[in-house]
Amino acid sequence: MFPGGGADMQQLLQQAQKMQQDLAAAQEELARTPVEGSAGGGLVKATVTGAGELTGLEIDPEAVDPEDTETLADLVVAAVRDANNAARELQESKLGPLAQGLGGGGMPGLPF
């Protein structure tokens, strides 16, 4: 392919393969890392994985008013949104440097 550049090409391929392995390991770690968000001063707490999967939801009994379920629903949405924002920040801190090494401007399919 490249005259006299076989060793360089092999080294580039090895570096790319290592970055792919590092990226896969970081994604696996994210999938296992719990991240919490809350709303209403902690009345509603949501837990998501670093990959954004909702894994838990806690609702303080004080947040439950049978006459006002709309506010409770808003608190749940806000807590999940807060947890997902924290997960996105975690993704950027874990995956951002790896994506930069693979081309600098992010990668298709990654959230940044």
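Visitor: Which helix holds both Lys 18 and Asp 22, and how many residues apart do they lie?
Guide: Both lie in helix H1, which covers residues 6-32. They are four residues apart, about one turn of the helix. A word on the source: this is a predicted model, in which local features need pLDDT of at least 70, side-chain atom pairs count only at pLDDT 80 or more, and totals for chains, interfaces and linings use all residues. Residues are numbered from 1 along each chain as its sequence is written, and side-chain values use heavy atoms, leaving out hydrogens and water.

Visitor: What makes a stretch a helix or a strand?
Guide: Both are DSSP runs, numbered from the N terminus: a helix is H or I with at least four residues, a strand is E with at least two. By that rule the protein chain has two helices and three strands. From the N terminus, their order is α-β-β-β-α.

Visitor: Why do the side chains of Lys 18 and Asp 22 count as a salt bridge?
Guide: A salt bridge needs a side-chain nitrogen of Lys or Arg within 4 Å of a carboxyl oxygen of Asp or Glu. For Lys 18 and Asp 22, N to O is 3.1 Å, so the pair qualifies.

Visitor: Why is Lys 18 called partly exposed?
Guide: Buried means under 20% relative accessible area, exposed means over 50%, and partly exposed is in between (1.4 Å probe, protein chains only). Lys 18 has 47%, so it is partly exposed. Asp 22 has 29%, so it gets that label too.

Visitor: How many salt bridges does the structure hold?
Guide: It holds three. One of them joins the side chains of Arg 32 and Glu 28, at 3.1 Å from N to O. Arg 32 and Glu 28 both lie in helix H1, four residues apart. Arg 32 is exposed, and so is Glu 28.

Visitor: What is the distance between the closest N and O atoms of Glu 29 and Lys 94?
Guide: It is 2.9 Å, and the two form a salt bridge. This pair links distant parts of the chain: Glu 29 is in helix H1, Lys 94 is in helix H2, and they are 65 residues apart. Glu 29 has 31% relative accessibility, so it is partly exposed. Lys 94 has 33%, so it is partly exposed as well.

Visitor: Which residues does Asn 84 touch, beyond those up to four places away in sequence?
Guide: Asn 84 touches Val 48 and Gly 52. A contact means heavy atoms within 4.5 Å. Asn 84 sits in helix H2, residues 69-101. With 25% relative accessibility, Asn 84 counts as partly exposed.

Visitor: What share of the contacts between residues at least 6 apart joins residues at least 24 apart?
Guide: In the protein chain, the share is 45%.

Visitor: What makes the nonpolar surface patch?
Guide: Leu 57, Ile 59 and Val 64 make it, with an area of about 240 Å². Patch residues have over 30% relative accessible area and no salt bridge; like charges are joined within 9 Å, nonpolar side chains (Val, Leu, Ile, Met, Phe, Trp, Tyr) within 5 Å. Ile 59 has a relative accessible area of 36%, so it passes the accessibility cut-off. Ile 59 is found in strand S3, residues 54-59.

Visitor: How many of the 112 residues count as buried, in percent?
Guide: The value is 24%. The protein chain exposes about 7400 Å², and carbon and sulfur atoms supply 52% of it. Such areas come from the Shrake-Rupley method with a 1.4 Å probe; for residues, only the protein chains shown count as cover.
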